[in-house]
Amino acid sequence: MDQAEAIHSVKNRLAQARSVAVLTGAGISADSGVPTFRGTDGLWRNFRAEDLATPEAFARDPRLVWEWYNWRREVIATKHPTPGHLALAEMETRHERFLLITQNVDGLHRAAGSRKLLELHGNIWMVRCTACGAVEENRDVPMVLLPSCRSCRGLLRPHIVWFGETLDEKRLDQCMGALASCEVLLIVGTSGAVYPAASFAPIAKAAGAFVAELNLDPTPQSQLVDVAIRGRAGQLIPQLL
Ligand code: OAD
């Protein structure tokens, strides 16, 4: 199957589907200029995740962790949704049941208008108090290092799921429900290196969904999906509508 045929086959499946799920990763925001994690200039090629994105790292040196998130906030603040993000926002209006699950914390899906959205790993514009657990939006760029909670003065941390932390059970249940019932699952711009998102393709496939991967490069998932299309998310997704 050439690329045009592959796109056509996914488009047809989508046109008939009442229930659709989409999983996105850093690749969709790469077209906006947000660095990926494992690509050529990926963040985890230049930084050690265990120094910056674990609860232990934050306990050891919260200032260093906040400096890193502050830098990422500065980068993301200048970026805009791509035609890929916008096409997914449009897609949610076309299906009876729809869920966009993103591993991205950049908030670009929401900025594009997506509302049937589940931010699996949290959001870089949200902060959480390490003492009282209060969660609030904070869009300061730059933000003060070692920010404190408005109500209890406790130390705030990014409201992001770090390595070694468990995902919110309710959010995970919602994902599993969507994966079990969707007729089509699109997997966009993720390397499939991080669980549980890496298990979504086999789960949906076992439940009978048609699974399509859109990615610049092959991934460990490419072998088990029904159609794997190589290319930029920002160019491919609009063609599916
Ligand atoms: P990765 O950086 O691991 O993978 C990005 C994927 O996108 C790769 O497969 C690239 O080939 C592909 N890609 C790059 N540019 C693309 C483009 N323009 N169009 C389509 N695909 C493109 O990022 P994730 O899989 O999202 O966790 O990483 C998963 C998690 O690991 C992240 O959510 C993050 C990280 O640690 C947290 O922040 C908690």
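Where does P196 lie? P196 lies in the loop between β7 (184–188) and α10 (200–206). Helices (H or I, at least four residues) and strands (E, at least two) are DSSP runs, numbered from the N terminus. The model is a predicted one: local features need pLDDT of at least 70, side-chain atom pairs count only at pLDDT 80 or more, and totals for chains, interfaces and linings use all residues. Residues are numbered from 1 along each chain as its sequence is written, and side-chain values use heavy atoms, with hydrogens and water left out.

The peptide bond from Y195 to P196 is cis, with omega near 5°. A cis bond also joins V141 to P142, with omega near -5°. P142 sits in the loop between β5 (135–137) and β6 (156–160). Most residues other than glycine have a negative phi, and most peptide bonds are trans. L146 has a positive phi, near 55°, and is not a glycine. L146 is placed in the loop between β5 and β6. R153 is likewise not a glycine, and its phi is positive at about 70°. R153 too is in the loop between β5 and β6. L146 counts as partly exposed at 34%. R153 is exposed at 58%.

The ligand is surrounded by 23 residues. A residue counts as near a molecule or strand if one of its heavy atoms lies within 4 Å of it. The closest are F37, R38, T190, S191 and D217. By class, the shell has nine nonpolar, ten polar and four charged residues. Here Ala, Val, Leu, Ile, Met, Phe, Trp, Tyr, Cys and Pro count as nonpolar, Asp, Glu, Lys and Arg as charged, and the others, Gly among them, as polar. Helix α2 supplies the largest share of the shell, three residues.

An N or O atom in the side chain of T190 is 2.6 Å from a ligand oxygen. A polar backbone atom of A26 is 2.8 Å from an oxygen atom of the ligand. For a polar backbone atom of G189, the distance to a ligand oxygen is 3.2 Å. Taken alone, the ligand exposes 800 Å², and the protein buries 93% of that. Accessible areas come from the Shrake-Rupley method with a 1.4 Å probe; for residues, only the protein chains shown count as cover.

The count of salt bridges comes to eleven. A salt bridge is a side-chain nitrogen of Lys or Arg within 4 Å of a carboxyl oxygen of Asp or Glu. One of them joins D31 and R232 at 3.1 Å, N to O. This pair links distant parts of the chain, 201 residues apart. D31 is in the loop between α2 (26–30) and α3 (43–46), and R232 in the loop between β9 (227–230) and α11 (233–240). D31 is partly exposed at 27%. R232 is also partly exposed, at 42%.

R139 and E137 form another bridge, at 2.6 Å. R139 is exposed at 53%, whereas E137 is partly exposed at 47%. A bridge of 2.8 Å joins E165 and R157. E165 counts as partly exposed at 24%, but R157 is buried at 7%. Shared partners join R48, E50, D51 and R60 into one salt-bridge network.

Two further glutamates were examined. E92 is in the loop between α7 (83–91) and β2 (97–102). E92 is buried yet has no salt bridge. The nearest side chain of opposite charge, K116, is 5.9 Å away; Lys and Arg count as positive and Asp and Glu as negative, while His and the chain ends are not counted. The E92 side chain reaches the backbone nitrogen of R115 at 3.0 Å. A polar atom of that side chain also lies 2.9 Å from the backbone nitrogen of K116. E213 is in strand β8 (residues 210–215). E213 counts as buried at 1% relative accessibility. The side chain of E213 makes a polar contact with the side chain of T219 at 2.5 Å.

Conventions. Buried < 20%, exposed > 50% of the residue type's maximum accessible area, 1.4 Å probe, protein only. Polar contact = N/O pair within 3.5 Å; in protein donor to acceptor, adjacent residues only side chain to side chain.
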